[in-house]
Amino acid sequence: MSAEATNPATPGPVAPTPSAAATAPAVPRADRRKSRPRIDLRRLGRAALLGPAVRGKLPDAIGHVAEAHRAHHPDADLDPLRRAYVLAESSHRGQMRKSGEPYITHPLAVTLILAELGAETTTLTASLLHDTVEDTDVTLDQVREQFGEEVRYLVDGVTKLEKVDYGAAAEPETFRKMLVATGSDVRVMSIKLADRLHNMRTLGVMRPEKQARIAKVTRDVLIPLAERLGVQALKTEMEDLVFAILHREEYEHTRGLIAENAARPDDPLAEVSDEMRGVLREAGIQAEVLIRPRHFVSVHRVARKRGRLRGTDFGRLLVLVNEDADCYGVLGELHTCMTPVVSEFKDFIAVPKFNLYQSLHTAVARPDGQVVEVLIRTHQMHKVAEAGVVALGNPYAPASDAPTPDTAVSGAAVSDAEATDTPASEAPADGERADPTRPGWLSRLLDWQRAAPDPDTFWSTLREDLAQDREITVFRPDGGRLGLPEGATCVDAAYAQYGEDAHACIGARVNGRLATLSTVLKDGDTVQLLMGQDPASEPSREWLEHAHTPAARIAIQRWLATHPGGGTGTEDGGGTRREPAETSASGRSAATASARPPGGPRADAAGGTAEGAPVARPRGADVLVDPPGAAVRLAGCCTPVPPDEITGFAVRGGVVTVHRVECAAVAHMKSRGRTEVGVRWGDTTECRVTLVAESFGRPHLLADLTEAISSTGVDIVSATVEPPSQQRVRHTYTLQLPDAARLPALMRAMRDVPGVYDVSRAQHQHQTPPS
């Protein structure tokens, strides 16, 4: 704001002031309205970087803002803008920028930026007044009296906290205050982004060290926020201005490449665009084909990736159509009549980005080998792609007066109620503001910032959070969903879903399979979090290594800070907590505790029997071998039972081992050249099977499990219980079933035992079979 608003005195990243905009050639009103959705801030920013600063008289008061505003909102009431300008001009009268210009040029320039993006009247009114409370005698009460509560809220949201009150914490606490206000009204951040853009355009007379400090904060905080809010027109220009300050040599080199390319007589992008227009004209598709120059940072990235740049690397082609279906029609024509680069195709219409961005991305190859990238979108998608949340208008206006997030992105955006699993019909509490445009990442940010213990932790964590620029969605078994940054683990999912109750999480299922808490999640995964029963559960210190989100890290750190001796549970190598083994009253580990199933021998941990005499081995299910007569042995690695699909292999001594077809040993034997032997089940269905039950540790669990097994009429041949050192207990039972058809009922009975969360057939790790 005011402390950063200066004008350039040295060559470098400078830009036209509002007066420069007044020199633009007049455009007929009808044509201007048609062209306005294609934001020209990129052109203005490009001129700012390539040309000198333009200084002249003040713009014709509020006229340029009103003209730009009416281009997007023809029926807008301009009276609030006139009154806001009068108050701002009179309040700032006598104040000068460091360049020597009247200070009113700054709020006018910020408001013009927002008007060009299509902001509605309330935002523009607050933008004109955004520095009055901070730098003049105007109070928030006066703003409310003259312009209403919404304008007062926006002005307050972007007003800095005083250094005399907060000292070194003023900047992070100002951003914390601003983000909280943004959580209720995204227009607060829209004004801040436009404010920072104009300050960056006019940063040249600052001392180099201050330029660098402001540029770094812009790079680490403001640019990621602009990206997440989808305001690409502001984001790309700020990127170029930061690039020019922090990487002067690379900037000058890139500037030279762009100037050299512009001087070439031929333009391959123009040739391809002409060809493309002809293809679409013949197909009867009404479309505009535009050349979209890459901005400086984009050219620099392409140069680092590809080395020597060719003509098509300096821009992309933008195809604008009227309807969603036309986007796919254009894609089909281009892929039919030109040479597509299939690997470059991306569909962000069917699957929009988390910042509302929608477009089809593809590429076509020229005969000389140059590749042209093509963006295909509707005019409305383009407006949202450039202006992001600014294009959504007033989120509090009735649906008939302002576009909603759904209409702004052709029905593909997700409302805040959906993103947070909150019923849309729920009304906000008294004094609470609910913004339907608030995205999931902002809700998460607001959650963890409350727990940040001090400004330094908040500031550093905010930068880390904003550096995670991609988002994934994972689903819960109940149909709910969680938005997480790319790279998030099950630890992050646990804290996102349960908050500090996630301290009791002991594991997870990802897509139905057991997984450790360190498992990295992918977009679309289904995650079931397994919670322990012990209310005194504690997080492991090693969870910090797997925590990717600020919410998870801060919650774990807070617990560890208040429990200096806690968090000592070791890890199993994958982020699953291990707790000390529970001991029974007799002093033996629970792993060696045994139970006598009713009507059967007592099974011990070694798999023998307490009576000391071996149990006669019952006969198993009949397996018929082709040719008949060979000895048959059911493989212990996969314990096949009827009606499993089976196969056999001849091993030493003429014995045929029978495996389930999905057993890992089958693929190994085939790779060794072993010949398969035809096998099939006979009539006898008596069988032996090995089951693995996984459960939470609790007293009497082994007795309850063996009772459940016995109740189904199944004999326990042996049982092994591993030590409960992970707060989970793994039981392995070898069981004799009188009929294989009883197996599903047996597994259900075991799963119904309290504390048991999984029962599965044993599938041992494959070992090389004997030759």
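The model is predicted. The protein chain has 771 residues, and 52% of them count as buried. It holds 29 helices and 20 strands.

**Whole chain**

**The five-strand sheet**

- Five strands form an open sheet with mixed pairing. Their order is β12-β16-β14-β15-β13.
- β12 (623–626) and β13 (632–634) are the edge strands, and each pairs on one side only.
- On average, neighbouring strands of this sheet are turned by 35° against each other, direction ignored.
- Strands of a sheet pair through backbone hydrogen bonds, either parallel or antiparallel.
- β13 and β15 (residues 656–660) run parallel and are joined by three bridges.
- Val632 has its bridge partner in β15, namely Val656.

**A helix across the sheet**

**The α4 and α6 pair**

- Two packed helices are described by the angle between their axes and the distance between the axes.
- Helix α4 covers residues 63–72, and helix α6 covers residues 105–117. They pack at an angle of about 15°, and their axes are 8 Å apart.
- Angles under 35 degrees count as roughly parallel. α4 and α6 are therefore roughly parallel to each other.
- The α4 and α6 crossing is left-handed.
- On the α4 side, the residues that meet α6 are His64, Val65, Ala68, His69 and His72.
- On the α6 side, Leu108, Thr111, Leu112, Ala115, Glu116 and Leu117 meet α4.

**Val341 in its loop**

- Where is Val341 found? Val341 sits in the loop between β3 (339–340) and β4 (346–347).
- Leaving aside residues up to four places away in sequence, Val341 touches Ala363, Val364, Ala365 and Val371.
- Val371 is 30 residues from Val341 in sequence. In space, the two are 8.0 Å apart, C-alpha to C-alpha.

Note on methods
Residues are numbered from 1 along each chain as its sequence is written. This is a predicted model: local features need pLDDT of at least 70, side-chain atom pairs count only at pLDDT 80 or more; totals for chains, interfaces and linings use all residues. Side-chain values use heavy atoms; hydrogens and water are left out. Helices (H or I, at least four residues) and strands (E, at least two) are DSSP runs, numbered from the N terminus. Contact means heavy atoms within 4.5 Å. Buried means under 20% relative accessible area, exposed over 50%, partly exposed in between (1.4 Å probe, protein chains only). Two strands pair if DSSP finds at least two bridges between them. Axes are lines fitted to C-alpha atoms, for helices over the stretch in contact, and angles run from 0 to 180 degrees between N-to-C directions. Angles under 35 degrees count as roughly parallel, over 145 as roughly antiparallel, 65 to 115 as roughly perpendicular and the rest as oblique. A crossing is left-handed if the near helix is turned anticlockwise from the far one by less than a right angle, and right-handed if clockwise.
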